[in-house]
Amino acid sequence: MRIPETRGPLSSALFTVLAQAPDSAGTELDALYRLAARQVAATADIIGDEDIQLALFCLYELHYSGLDGVSDHWEWEPGLIRVRRLLEEPFEADLRAAAQQAAGDLELPAGGAMTSDQVADVLFGLAGKDTGPSVSRYVARKADLGQLKEFLVHKSVYQLKEADPHTWAIPRLSGRPKAALVEIQTDEYGGGRPERMHSALFARTMRGLGLDDSYGAYVDAVPAVSLASVNLMSLCGLNRRLRGAITGHLAIYEMTSSQPNRFYGNGFRRHGFGADVTHYFDEHVEADAVHEQIAGRDLAGGLVEAEPELLADVLFGATAVMAIDSRLSAHLLSSWEAGTSSLRAAVPAAA
């Protein structure tokens, strides 16, 4: 991914450090840590902090496809990991606070250890309680062409690498939950056919609306909350201690996906787009109706049966994604209903 535009002193300092070789950036790396500590202490809303979320997104990107012109040796450089942890800790704390609020008066079955079916029932109950603002209904009924493009731009930051953050969990699981995750991911990656990978289907949708489908093309355009939704996945996927959270994240993701994707597809059909554009959404209507059962019962439920102490983190992952999605949805709808853009910058035409 190309290095984005800076959004403040932290991302500017980070990109200056990454432009160097790891063994020659000691002084700048120490200064970066001190700067990060000051910014974390000064921000009142780390989830909505443009500079911090961009810096964290780019630090995580070193573990995915990397950054253009940046040495791969930076990925596990201890000083840079120290900076990442400094940003992660308050980010996780704010996510847990938001997740707790989203959980509301969640009640768990009495009697200690839960079966996989009980875990799935709790997660389905959470999904059913999601009464946040509905972007999918707005897209289906009201969104104009420009808003459809904005919608795709927001989603592209994750969908063009769809499934990758959850794949980090595979070596952290065993037995039934591991097999369930592999089954889900096999579908996400197209069953071995690259043109059927969900990221490839989404790229085709973008091209159908004249958008650039190269990974990271629109990072500069999206606000902090869009980056935060992806950073949540990377946080949970890259840290083994949060393996419960990434399974809960995936479970609620699948449980709340099928019907919205039906609405999204209808919104694009309303504007005259055909199967080449709507295939991505139509595929998820069918696939996620199956995946939600596997993710709820075999993945998340199976994990809690095997490791009951991970229940709290499974629920954290599920409620955190609901909280972030609700915040992002509110941003999109308030912008569109006010007649303004939900993006930081205008969407450039594809090359």
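**Exercise 1. Find which helix gives the most to the lining of the largest pocket.**

Solution. 
- H15 gives the most, with seven residues. The model is predicted.
- H15 spans 311-337. Other helices that each supply at least two lining residues include H5 (116-129), H7 (145-159) and H13 (258-270).
- Sort the lining by class: 18 nonpolar, 18 polar and eight charged residues.
- The space inside is about 1,100 Å³.

**Exercise 2. Describe how H7 and H13 pack.**

Solution. 
- Two packed helices are described by the angle between their axes and the distance between the axes.
- Take the distance: the axes of H7 and H13 come within 11 Å.
- Take the angle: the two axes cross at roughly 140 degrees.
- Apply the cut-offs: over 145 degrees counts as roughly antiparallel, and 65 to 115 as roughly perpendicular. H7 and H13 are therefore oblique to each other.
- The crossing of H7 and H13 is left-handed.
- Now the side facing each partner: Leu148, Phe151 and Leu152 of H7 meet Tyr264, Gly267 and Phe268 of H13. By class, this contact has five nonpolar, one polar and no charged residues.

**Exercise 3. State how many cavities of 30 Å³ or more the structure holds, and characterise the largest cavity.**

Solution. 
- A search of the whole structure gives three such cavities.
- The largest cavity holds about 40 Å³ of space.
- Its lining consists of Leu62, Gly66, Leu67, Val70, Ser71, Asp72, Trp74 and Glu75.
- Sort these by class: four nonpolar, two polar and two charged.

Definitions and conventions: Residues numbered from 1 in each chain as written. Predicted model: local features only at pLDDT ≥ 70, side-chain atom pairs only at ≥ 80, totals over all residues. Heavy atoms only, no water. 1 Å grid on protein atoms, 1.4 Å probe; cavity = no way out; pocket = protein on both sides within 12 Å on 5 of 7 lines; lining within 4 Å. Points joined across faces, edges and corners; volume = space filled by probe spheres on them. Nonpolar A, V, L, I, M, F, W, Y, C, P; charged D, E, K, R; others polar. Helix = DSSP H or I, 4+ residues; strand = E, 2+ residues; numbered from the N terminus. Axes fitted to C-alpha atoms, helices over the stretch in contact; angles between N-to-C directions. Parallel < 35°, antiparallel > 145°, perpendicular 65-115°, else oblique. Left-handed = near helix turned anticlockwise from the far one by under 90°. Contact = heavy atoms within 4.5 Å.
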